[in-house]
Amino acid sequence: MGKDKIIPVVKNNNYIMIIDDIGTRGEGIGKIDGYTLFVEGALPKEEVEVKVLKTKKNYGFAKLLNIIKPSTNRVEPICNISKQCGGCQLQHLSYDEQLIYKQKKVENVLQRIGQVNNVKVNKTIGMDNPYYYRNKVQFPVRQGKNGNVEIGFYSERSHRIVETDTCYIQHPINEQIVKLIREFILENNISPYNEEKHRGLIRHIITRISSKNNDVNITIVINGNKLPHQDNLIKKLTTIKEVKGICININKEKTNVILGNNITTIWGETNIVDSIGNINYRISPKSFYQVNPIQTKKLYEKALEYADLSGEEIVWDAYCGIGTITLFLAKKAKKVYGVEIVKEAIEDAKQNAILNKINNVDFFVGKAEEVIKDKYEQNNIEADVIVVDPPRKGCDEELLKTIIEMNPKKAVYVSCDPATLARDVRVLMEAGYELKEVQPVDMFPQTVHVECVTVLYRQDS
Ligand code: SAH
């Protein structure tokens with residue numbers, strides 16, 4: 001007991017402190033008498049007044065009360081609910097500094113988790129206009145405390161809804177869509193979902209817009225078998241000329257997963273078509289598609305540059321989704337194989353190959369870690385280059401083992417989480433691969449998220 005450090009701050013008391021750093025969730029970090037406090041909304045070099053909310057043995061959390069000396073990098077957030085909404089964590093930081101923050105974040109994580117020290121992390125590739133970039137939005141619809149209908153976004157780390165009509169990182173057309181669906185719910189007495197009781201019908205509204213022609217697909221997720229008065233909804237939503245398809249997705253599970261298995265198109269087209277560079281992509285509601293089309297082009301171009309293909313290579317694209325990177329690569333390779341776990345995405349991928357008249361590709365449904373291994377062991381499919389673009393949890397260990405066994409000249413890694421990227425590149429580096437540079441790309445301006453692309457070389461190549 002006697003050896004326990006004394007915590008120099010008291011819960012609920014106010015203090016004045018200097019912020020020294022910014023954390024992975026965008027929070028300010030500073031010390032009072034050597035004791036670390038995390039302060040959401042504060043920026044490095046600021047002098048702030050805070051109220052201590054919670055103390056743990058080695059660190060605590062405090063609320064920002066007052067900024068005594070603001071940072072020169074502080075800007076006024078464009079959105080007036082940016083503090084409550086969990087969507088954007090960095091609107092109070094100038095865009096140039098956001099790009100530097102992301103570059104440093106990648107550098108730090110590579111060092112801390114990957115013990116990678118001699119790698120060049122390039123400047124983050126940013127956007128000219130870092131707003132209105134999202135092509136997909138998922139609005140939770142919930143029953144409020146008084147039985148009212150809440151549509152908006154989750155607040156940070158919770159499922160409490162922050163209601164809003166306007167969001168500055170998504171397409172403005174969503175405002176009209178949400179307004180009409182809210183009207184429909186109220187006029188037809190449709191129940192919004194109550195998460196705790198697992199009751200009520202409408203759970204989510206998902207919209208996707210094509211950057212090519214502004215076509216919109218709307219998918220309504222329901223906790224039931226059908227949507228009463230759906231013709232009234234169709235009538236309303238089709239007054240928006242960009243709406244080209246309306247779908248219903250049934251999800252009756254008590255789960256955080258947004259989409260259920262069953263999708264029916266109740267009006268118009270099921271899919272939208274978008275293009276990146278000169279390749280067109282059909283996208284169905286259940287398929288993954290990058291949310292920022294302008295930056296996606298830059299990301300894929302970089303991946304292609306890193307793959308440095310001559311036309312003779314056999315390439316694997318693991319976690320290929322609707323074949324986006326696969327088709328980009330195919331134009332420069334002898335043959336590209338894509339693998340993806342979602343069946344509908346592979347159906348899209350196959351259609352996309354036909355749509356773009358690309359013949360040197362083959363797609364497989366399944367787990368990357370199983371399919372690539374099987375094809376290598378049983379069909380002798382080798383690879384000169386392997387591209388991986390896994391979800392946040394990173395590559396499966398088995399896949400990394402197979403890559404090491406297959407021993408391709410290059411592995412191009414596209415990552416949406418620097419922590420798992422660092423963990424996985426460590427494994428490949430221990431097996432003899434070399435990492436020279438990492439390129440962060442800002443796919444998610446105003447948020448703390450960062451996408452990276454990098455290439456690992458087999459040492460003899
Ligand atoms: N490369 C694509 C998709 C990247 S997102 C693009 O840029 O659009 C990651 C994809 O991995 C998702 O489509 C997801 O469905 C898929 N996925 C998740 N786990 C997987 C696994 N074990 N094997 C194969 N694909 C998987």
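The C-alpha centres of domain 1 and domain 3 lie 38 Å apart. The domain assignment, automatic or from a database, gives domain 1 (14-74), domain 2 (107-127 + 292-458) and domain 3 (136-276). This is a predicted model, in which local features need pLDDT of at least 70 and side-chain atom pairs count only at pLDDT 80 or more, while totals for chains, interfaces and linings use all residues. Residues are numbered from 1 along each chain as its sequence is written, and side-chain values use heavy atoms, with hydrogens and water left out.

**Helices H7 and H8**

- Helix H7 (residues 368-379) and helix H8 (residues 397-406) have axes that come within 8 Å and cross at roughly 30 degrees; helices (H or I, at least four residues) and strands (E, at least two) are DSSP runs numbered from the N terminus.
- Axes are lines fitted to C-alpha atoms, for helices over the stretch in contact, and angles run from 0 to 180 degrees between N-to-C directions.
- H7 and H8 are therefore roughly parallel to each other (under 35 degrees; over 145 is roughly antiparallel, 65 to 115 roughly perpendicular, the rest oblique).
- Ala368, Glu369, Ile372, Lys373, Tyr376 and Glu377 of H7 meet Glu398, Leu399, Thr402, Glu405 and Met406 of H8, where contact means heavy atoms within 4.5 Å.
- By class, this contact of H7 with H8 has 5 nonpolar, 1 polar and 5 charged residues (Ala, Val, Leu, Ile, Met, Phe, Trp, Tyr, Cys and Pro count as nonpolar, Asp, Glu, Lys and Arg as charged, and the others, Gly among them, as polar).

**Helices H8 and H9**

- The axes of H8 and helix H9 (residues 418-430) come within 10 Å and cross at roughly 30 degrees.
- That makes H8 roughly parallel to H9.
- Leu400, Ile403 and Ile404 of H8 make the contact with Asp424, Val427 and Leu428 of H9.
- The residues of the contact of H8 with H9 are 5 nonpolar, no polar and 1 charged.

**Helices H2 and H3**

- Helix H2 (residues 173-187) and helix H3 (residues 230-237) have axes that come within 10 Å and cross at roughly 150 degrees.
- H2 and H3 are therefore roughly antiparallel to each other.

**Aromatic pairs**

- A search of the whole structure finds 9 aromatic pairs (rings of Phe, Tyr and Trp, its six-membered ring, with centres within 6.5 Å; planes under 30 degrees apart are stacked, over 60 edge-to-face, the rest tilted).
- The ring centres of Phe38 and Tyr59 are 5.7 Å apart and their planes are at 85 degrees, so the pair is edge-to-face.
- This pair links distant parts of the chain, with Phe38 in strand E3 (residues 35-39) and Tyr59 in strand E5 (residues 59-69), 21 residues apart.
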